[in-house]
Structure formats: C-alpha cells, structure tokens
Amino acid sequence: MRILLVEDDPILGMAVRDQIMDDGHTVDWVKRLDEAVEAIHSAAFELILLDLMLPDGRGLDFLKRLRSAGDVTPVMVLTARDQITDRIGALDVGADDYLIKPFDLFELSARIRAVGRRYCGNPNPLIAFGDFEIDLAARSVRRGGRLVALTAREWSLFEAFVQRPNQLMSKSQIEERLYSFDAEIQSNTIEVYIGRLRKKLGAQAIETVRGMGYRLGSPRNLT
C-alpha cells in the first residue's frame, strides 16, 4: 500500500516509517496537518496513519474534514491519548482503527494488513487464484504448492494486482502506489518489475493491455 504517515515525533516517525517500508509499503511522512492536506491532494493513499496532536492543529479535526469531504481513505489513529472517550470520539468521526502509544511495531504491521484486507473487499488473508496460493498476512505466494521467492518490491507489485484481479492498472497508477514523492523512478522501472514477476510466476501471470496498462492474468491461464 501507499501510506501517509502524519506524525511530528522524529524518533517514533522514523521507527514507524522504517517498519512499514520493511513490510514492503510505500510511505510519505509529514509532520504537520497542512503538509498532510497537501499530500492527499497530490496523491492517492490507501491508508493514513494519523497522530492526534500536531504542531498546527488536532488530528481529529483533520479527520472530520476528511470525512465531511467524502474521503473514505482508511485512517488509523496513533496516539498517546488512552481514555475510552478519546477512542470513542475518534471512531465515531470516522477512524478505522485506534492504536495507543507506545505500541509494538509488529502489532502495527498486523493492523495495517488487516485494514488493507478489509478495504480490498476480502478480510480473509488466504486467497486461491488459478494455481496460486496467496497469503496476504505472511506476504507469500505458492504456485502448484511450491513457494515462490519475491523481493519486497516484487511482492508489493504482485499484491496490488491481487487486490484488483479484474482491474487495469496504468503505469502511472503503479508508480504512484509503489513510490513516494521523493523517489527517483527510471522510465523503464515498472517494465523491469513486471518482467521479473513473469519470470518467477509465469509468462501469463501479468497481462499487458497495449496502451492502457496491466492486470492480473485470467485464472484459467494460470493453471
């Protein structure tokens, strides 16, 4: 997923950023609400990790404005505010999850995976597709019962297709999902990763629709 992290604590922010990047996600980290507003107007995010107390305002007000504008992007609150009234207030205005600081980074990873599964329409982490057996929680894929080793970036790309099995993804959409604002992307990077996936998963694993983009291959062609 492409994730927006809104957190002003430099130590915690760095730890969270590094953890979710190690999980294969793309992260844009901002430290102020005005920067968060600019970010969501510039890119499509699949999850927002939101602190409640920022230098220029309250995260809860930002969340209210987000929902009032019709934005349904999942939001997970990360905060030291541990009162039940705080949790109820955040959930009632549109938060999808609420994690109290200090928290275990591996629990954060698990909660991110859970939110991602809910919003792609399949809460089950195990998916069968053609002769692929995909475990979204373990971030693993088997073909014909044999484990296929994917790098973090290859997995992120494959997961994007798995979550949208019948949808075309353009090159620009893939780049937006896989890379943060400050990343340098070579012109043929996406083609290189598509080629690597086909080499590891089979030539029909990813279909090309000329001039439009790519999508996961049809199940009947993957057996």
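Helices (H or I, at least four residues) and strands (E, at least two) are DSSP runs, numbered from the N terminus. By that scheme, Lys101 lies in the loop between β7 and α5. The model is predicted: local features need pLDDT of at least 70, side-chain atom pairs count only at pLDDT 80 or more, and totals for chains, interfaces and linings use all residues. Residues are numbered from 1 along each chain as its sequence is written, and side-chain values use heavy atoms, with hydrogens and water left out.

The protein is divided into domain 1 (2–120) and domain 2 (126–216). These bounds come from an automatic or database domain assignment.

**Domain interface**

- The centres of domain 1 and domain 2 are 26 Å apart, taken over C-alpha atoms.
- Domain 1 has 17 residues in contact with 14 residues of domain 2; contact means heavy atoms within 4.5 Å.
- About 1,300 Å² is buried between domain 1 and domain 2, and carbon and sulfur atoms give 48% of that area. Buried area is the accessible area (1.4 Å probe) that two parts lose on being put together, summed over both.
- A salt bridge is a side-chain nitrogen of Lys or Arg within 4 Å of a carboxyl oxygen of Asp or Glu.
- Two residue pairs are in polar contact across the interface of domain 1 and domain 2, both at pLDDT 80 or more.
- On the side of domain 1 that touches domain 2, the elements giving two or more residues are β2 (26–30), α2 (33–42) and α5 (105–119).
- The largest share of that side of domain 1, three residues, comes from β2.
- By class, the side of domain 1 that touches domain 2 has six nonpolar, four polar and seven charged residues. Ala, Val, Leu, Ile, Met, Phe, Trp, Tyr, Cys and Pro count as nonpolar, Asp, Glu, Lys and Arg as charged, and the others, Gly among them, as polar.

A polar contact is a pair of N or O atoms within 3.5 Å; within protein, one must be able to donate a hydrogen and the other to accept it, and residues adjacent in sequence count only if both atoms are side-chain atoms.

**Lys101 and its surroundings**

- The peptide bond from Lys101 to Pro102 is cis, with omega near -5°. Pro102 is placed in the loop between β7 (97–100) and α5.
- Lys101 is buried, with a relative accessible area of 19%. Buried means under 20% relative accessible area, exposed over 50%, partly exposed in between (1.4 Å probe, protein chains only).
- Leaving out residues up to four places away in sequence, Lys101 touches Glu7, Leu12, Asp51, Leu78, Thr79 and Ala80.
- The side chains of Lys101 and Asp51 are joined by a polar contact of 3.3 Å.
- Lys101 also forms a salt bridge with Glu7, and the closest N and O atoms are 2.8 Å apart.
- Lys101 sits in the loop between β7 and α5 and Glu7 in the loop between β1 (2–6) and α1 (10–22), so the pair ties together parts that are 94 residues apart in sequence.
- Glu7 counts as buried, at 2% relative accessibility.

**Other salt bridges**

- A search of the whole structure finds 15 salt bridges.
- The side chains of Arg111 and Glu107 meet in a salt bridge of 2.9 Å, N to O. Because they are four residues apart in helix α5, Arg111 and Glu107 are separated by about one helical turn.
- Arg111 is partly exposed at 25% relative accessibility. Glu107 is partly exposed at 34%.
- Lys200 forms a salt bridge with Glu154, with the closest N and O atoms 2.7 Å apart. Lys200 lies in helix α8 (residues 189–201) and Glu154 in helix α6 (residues 152–162), so this pair ties together parts 46 residues apart in sequence.
- Lys200 is partly exposed, with a relative accessible area of 37%, whereas Glu154 counts as buried at 3%.
- Salt bridges that share partners join Glu7, Asp51 and Lys101 into one network.

**Gly145**

- Gly145 lies in the loop between β10 (140–143) and β11 (146–148).
- Gly145 is partly exposed, with a relative accessible area of 40%.
- Gly145 and Phe132 are 13 residues apart in sequence and 8.0 Å apart in space, C-alpha to C-alpha.
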